Each structure stands twice: as structure tokens, then as C-alpha cells.
Amino acid sequence: MNRTRRNFIQKTTLASSGIILGASAMSARSYNRIIGANDRVSVGIVGFSNRAKGALIPAFNGHSKAQNFEIVGVSDIWNRRRDEGAAFIKEKTGNKITQWRNNEEMYDKNKIDAVIISTADFQHALHTVEAAKAKKDVYCEKPFAETMEDARIGKKAVKESGIIFQIGSQRRSGANYHAADDFIKSGKFGDIVMVEMTWNVNQPGRWRLPKLTSEIKESDTDWKRYQMNRPPAEWDPRKYLEYRLFWPYSSGIPGQWMSHQIDTVHWFSGLDHPRSVAANGGIYLWKDGRKNFDTMSAVFDYGPADDPSSGFQVTYSSRFTNSAGGTKEIYYSNAGELNLDTNKVSDNGGLSQRHASAMGMKPNKLKGFNLSENAPKVVTSANTGADNMTSLHMLNWMECVRSRKTTNGPVEAGYNHSIANIMTTAALRTGLKATFDAKNQDVLAGGKVFKY
């Protein structure tokens, strides 16, 4: 094994276990809230969703005993979800937990230290604001926000409160992704010239819950509270339960899938957001009343704002209608590729001897190596479960709640992927090129501020 490969593997193996990552300086506010090593950390679940049941709570339970964390209650505005959450926790841990009808009731009791937020996409930043005001640490599912207004107030609340925050972009706790980041930032990869990303499934039932939508009653939940700051609408069980299919409750593909992948572009390149986005899409096959597209493609221009001659392009495509190609995340330089599907660096496509000689140049080819030993493959099935990266990401959050150090997924990561998501949504829904007003922190479509 060569030294470069060995160093990457050793460093990122430690990193993914939470031993050396998130070691940046803690704020004074956060330092003052350090919890004693022997004190149990009490956690509330905000929204007992399928994601909470299938992945987040199992990941939490995998580390709760060693870290001395305990789920003590569930807050959900639907009575059925509260009952199911309490029954699920009792089945898995034997503990009887508290049921709160809403977050105000939960925070009023003030018996918790932290929360795990897994509510509807558009609610994440707003629920983070509530937690930050109550001085509760947060593990928040992605996407962070679906509008810039929500993103701005969410980020501000986290920064001003000093809470520990983890955005649920679990790639940030994957050893292979840390190895990729280290390799690119070392300069050995060369300048990024192109990134290709795909996320394809063939799942007509993805994000559909027909049985539940036929069973839920408006009287059993709080529809007004659910809508938060979205335009008031008549009761619609599909928008409540199948929100991922309906804008402005979710952007669909950008918020659910692209947010994971585009986050790595910001992380690896050090750039906060695209300079521009052009996108197109449609509901081409699954005409079931949804408003969010079943197919989309976007082209991003990335680079420094003050140097338009420098940068690279990102292409992203996704479809529900044919799974060929699966997921793909490939970074290209003039010397080869970094492939996060195979977890290999190779000279594929690098400048060959023949073409270099014709121009009086030297050939440029990378030396191949594996990014990480036994790196887990990204899961795209509807229920990913407590996969390895989610488990490590949850552990990192738990450790940072105690140490008050910065998590692998700080609020800036969530804020920045939200910018890219919202730019994509703006381009998709207006047909205009989207740009970003850095001064006012607004997404523009055709030069005008985009909201809905």
C-alpha cells in the first residue's frame, strides 16, 4: 500500500469514528453548556416519521448506551404518530416515554437537552429555530430549508444560540468522502474540471402513502400548525403525508436527493454555492396528482464570483421512471477521475502521451488507488435503514453534544446545500437561469427574487 493511500485511510478511519473530526474551537456559549460525562442526555423526537423509525432512532439506539443518551419523549401533531412513536420506543428500549402534542408543549416542560428533527422538508429550519430559542441541541434531517427566508432565520438562530447542530447529510461522516476531500485539497488531484451526478430509481410508489392518506382525519392532527409559514390551504391529507410530491412543502428531487450530492461539491471545492443554475424537468410518467417532477436535469456553474474565467461545471440528473445508471458521483480533473460510486481514483480520461506530445505538453495521468477500505455503497432504496454512514453521523453528533465541538455537518453545510437546492427549484419552476445575490442572500430567477 502506498503512503498516500495509507495516510488517507488511517486519517479518515479515525475521522469517521468521531475521534478527530469536529475538533474546531467551541464558542463560549456552547462551552458553558458542556454536559458532564456521567450525566444522561435526554432527547426528544420532533416528528415520528418513517425516517425516524427506519434509520435515525435505530442509529441513535446503536450508540445510546455507550454515550449515555436516552429518548424521553416524542412531539408530533398527529395523535397516531405520537402513539406509534411511544410504542416503538417501548418495544426497542423498554422505556415509557412522554407524548407531546406539539413543540411548544415539549419545550415548555424543559425536560430535554436535545432533539432529533425529522418532520416535513419545509419545516426543518423552522423547527430548528424553535429548538435554538429553547437552547436545545439539534440533529436535523436534510434538506435544511426550501426557501432562503427560512434558511436565513435557521442559520441565524443556530449561530446566535450556540447550540450544537448536525445536518443529516451523512456523507460527511463517511471515511471515503473524507478521503476524497483530503485528496482533492492536497492538490494531487488537480483542478476540478467537471462533476457528473445522477440519482435514478424506478419506483412509482416512492413518496406515496395511499393507505395512510385514506385513514388520517383532519380532526386528529393540527393542519394549521402543520402549514407553519406556508400560504394557507384547505386540508389535504396528501400534502400532509406525501408532502415530498407537493411544492411549496418540498422541492422533491432537489431537496430529497440532490442535497446529499451537491453538498459534496461545496465541501470538496470550498465554494459555498453555484454561480448559476439552469434546469428543466417534468412529470413525464407518474401522473398521480403530484406537483413535483418525476424527472429533472440541472447544469451548475461553480467558481469564484470575482473570476468568471476560473471554475467548473456540475451536471445533475434524476428520474423516478428507470433505474439504469443508479447513483453516480464522479469528479474529473485533467489527470483522471475520482469516482465515489467505485471509491477509486484512476487515470481514466487523463491527458495521454499521444495528445500531450502533439501540443508539446507533458502527459498528465493520476496514479490509481482506493479511497477507503470497505467503504459502504450509497443506498437509494426507499428505506435505507440505519446504514453505516447514518450511524457514524449520529455518533458524531452525540460526541459533539458532550464536547461542544463542531459537528461534521455544521449549519453552514445545510445553509449552502439549501442555496443550491433553491437555485435549482427556481430554475425548474420559472424556466429562467438562477443566480445568487450574495449581498442580500437571495436566490434570483431572471434577476428577480424567487420565493414560491
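Predicted model: local features only at pLDDT ≥ 70, side-chain atom pairs only at ≥ 80, totals over all residues.
1. Let's start with a charge and a ring: Arg429 lies over the face of Phe293, 5.5 Å from the ring centre. A charge counts as sitting over a ring if NZ of Lys or CZ of Arg is within 6 Å of the ring centre and within 35 degrees of the ring normal.

2. Residues are numbered from 1 along each chain as its sequence is written, and side-chain values use heavy atoms, leaving out hydrogens and water.

3. Now for the wider view. The protein has 15 helices and 17 strands; these are DSSP runs numbered from the N terminus, helices being H or I of at least four residues and strands E of at least two. Of its 452 residues, 56% count as buried (buried is under 20% relative accessible area, exposed over 50%, partly exposed in between, with a 1.4 Å probe and protein chains only).

4. Which angle lies between the planes of Trp207 and Phe320? Their planes are 80 degrees apart and their centres 5.0 Å apart, an edge-to-face aromatic pair. Rings of Phe, Tyr and Trp (its six-membered ring) pair if their centres lie within 6.5 Å; planes under 30 degrees apart are stacked, over 60 edge-to-face and the rest tilted. Trp207 is in the loop between β7 (194-200) and α9 (210-215), while Phe320 is in the loop between β10 (312-319) and β11 (327-333), 113 residues apart. Both Trp207 and Phe320 are buried.

5. Do follow the aromatic cluster too: Trp78, Phe122, Trp223, Tyr226, Trp235, Tyr240 and Tyr249 belong to it.

6. Next, the backbone. Most residues other than glycine have a negative phi, and most peptide bonds are trans. Lys142 and Pro143 are joined by a cis peptide bond with omega about 0 degrees, and Pro143 is in the loop between β5 (137-140) and α7 (148-161). The bond from Trp247 to Pro248 is cis as well, with omega near 10 degrees.

7. Buried or partly exposed? Lys135, at 39% relative accessibility, counts as partly exposed, whereas Asn343, at 8%, counts as buried.
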